[in-house]
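Hello,

Here is the structure I promised to pass on. My notes on a helix pair and on the overall fold follow below it.

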Amino acid sequence: MGLTRVLLKDGGFGTQMTVHVGDSVDGDPLWSSRFNATNPAAIISTHLDFLQNGADIILTNTYQSSVDGYMEYLELDEEQSIELIRNTVRLAHIAKERYLTECYQAQLAMPEGYPLIIASIGPFGAHLHDGSEYTGSYADYVPAKEITDWHRVRIEACLEAGVDALAIETIPCQMEAEALVEMLCDDYPDVKFWVAFQCKDENTLAHGETFADATNAIWDLLAERNAQDKCLAIGVNCVHPKFVTPLFKSLNGDREVGEQIPLVVYPNSGEVYDVVNGWQGKEHCVPLANYVPEWAQLGAKVIGGCCRTYARDVRHIGEAIRDWNKLKKLS
């Protein structure tokens with residue numbers, strides 16, 4: 001599954017889902033994952049929104065799904081919690097089948113194997129519901145094995161239900177990324193994945209490590225295991241879009257095109273979250289589609305959106321990606 005063209009990822013799942021369920025997502029300890037149990041039709045509809053707006057890739061709604069979270073907040077037992085995670089992946093498959101049926105009826109051709117279903121594997125900090133996914137503070141006191149054991153349950157549930165790859169995403173610290181990549185290489189040698197870091201500025205991860213150093217460390221780790229072909233891309237998500245170009249330049253700026261590390265990027269809209277007033281600054285946002293050429297030039301192979309990006313934003317990003325892919329074909 002080496003990526004020969006730039007692919008369009010979906011947008012912010014919790015954001016687009018508000019179209020179907022209203023503004024009842026932010027502040028819930030399970031976030032959008034609660035609706036996997038309470039409103040599966042809304043999950044399918046949200047996936048379909050992105051597919052109908054051109055997404056090549058949809059992520060399962062499992063970012064904040066965990067056995068301990070479901071046991072605590074939905075009062076499920078362990079097996080019921082694991083089955084809910086599996087079923088969440090199945091909802092993405094239902095949406096894909098519906099979309100492919102629509103394409104067939106409209107006589108629209110889809111590339112073989114697409115759209116891809118990739119499992120959202122959010123950070124250990126997300127289930128703590130204390131904001132530590134944006135600081136990585138748990139890296140200072142939680143052992144790597146505890147983190148990988150926690151991740152393994154959800155990863156196995158997603159793999160059992162059937163996904164094309166894993167999105168290891170919003171990872172705030174180098175330690176968690178390295179531990180997960182080692183585990184995947186050692187225990188799941190056939191599984192493809194990408195790794196997307198959460199960064200606090202144009203240079204560093206949320207926990208303070210340098211983005212270029214952390215990414216190079218992952219790339220070297222993969223090289224040592226002869227496993228770079230397992231990794232679809234490394235990059236960033238859930239960041240302000242203005243940070244992305246300097247982050248990517250710090251890594252790939254001096255590399256020849258053939259030597260670039262493949263990158264993935266799905267930033268927030270550019271709005272900034274305020275605890276009291278919610279998301280602010282929509283009127284000042286530069287459309288994400290405007291950034292596509294510079295990010296693709298720096299090696300981005302997957303581009304989409306995260307918080308506050310809707311299906312319509314995905315459509316606009318997709319138009320810019322199509323233009324870029326066309327240009328590269330001609331050159």
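**Helix 7 against helix 8**

The axes of helix 7 (residues 174–187) and helix 8 (residues 211–224) come within 10 Å and cross at roughly 15 degrees. Bear in mind that this is a predicted model. Angles under 35 degrees count as roughly parallel, so helix 7 and helix 8 are roughly parallel to each other. The crossing of helix 7 past helix 8 is right-handed.

Which residues make the contact? Helix 7 contributes Gln174, Ala177, Glu178, Val181, Glu182 and Cys185. Helix 8 contributes Ala214, Ala217, Ile218, Leu221 and Leu222. By class, the contact of helix 7 with helix 8 has 8 nonpolar residues, 1 polar and 2 charged.

**The whole protein**

Now the wider view. The protein has 11 helices and 10 strands. Its C-alpha atoms fill a box of roughly 55 × 50 × 45 Å along the principal axes.

How does the radius of gyration compare with that of a compact globule? For 331 residues, a compact globule would have a value near 20 Å. The protein has 18 Å, which agrees.

Burial comes next. Of the 331 residues, 56% count as buried.

Last, the contacts along the sequence. Take those between residues at least 6 apart in sequence. Of these, 77% join residues at least 24 apart.

Best wishes

How values were computed:
Residues numbered from 1 in each chain as written. Predicted model: local features only at pLDDT ≥ 70, side-chain atom pairs only at ≥ 80, totals over all residues. Heavy atoms only, no water. Axes fitted to C-alpha atoms, helices over the stretch in contact; angles between N-to-C directions. Helix = DSSP H or I, 4+ residues; strand = E, 2+ residues; numbered from the N terminus. Parallel < 35°, antiparallel > 145°, perpendicular 65-115°, else oblique. Left-handed = near helix turned anticlockwise from the far one by under 90°. Contact = heavy atoms within 4.5 Å. Nonpolar A, V, L, I, M, F, W, Y, C, P; charged D, E, K, R; others polar. Rg over C-alpha atoms; globule rule 2.2 N^0.38 Å. Buried < 20%, exposed > 50% of the residue type's maximum accessible area, 1.4 Å probe, protein only.
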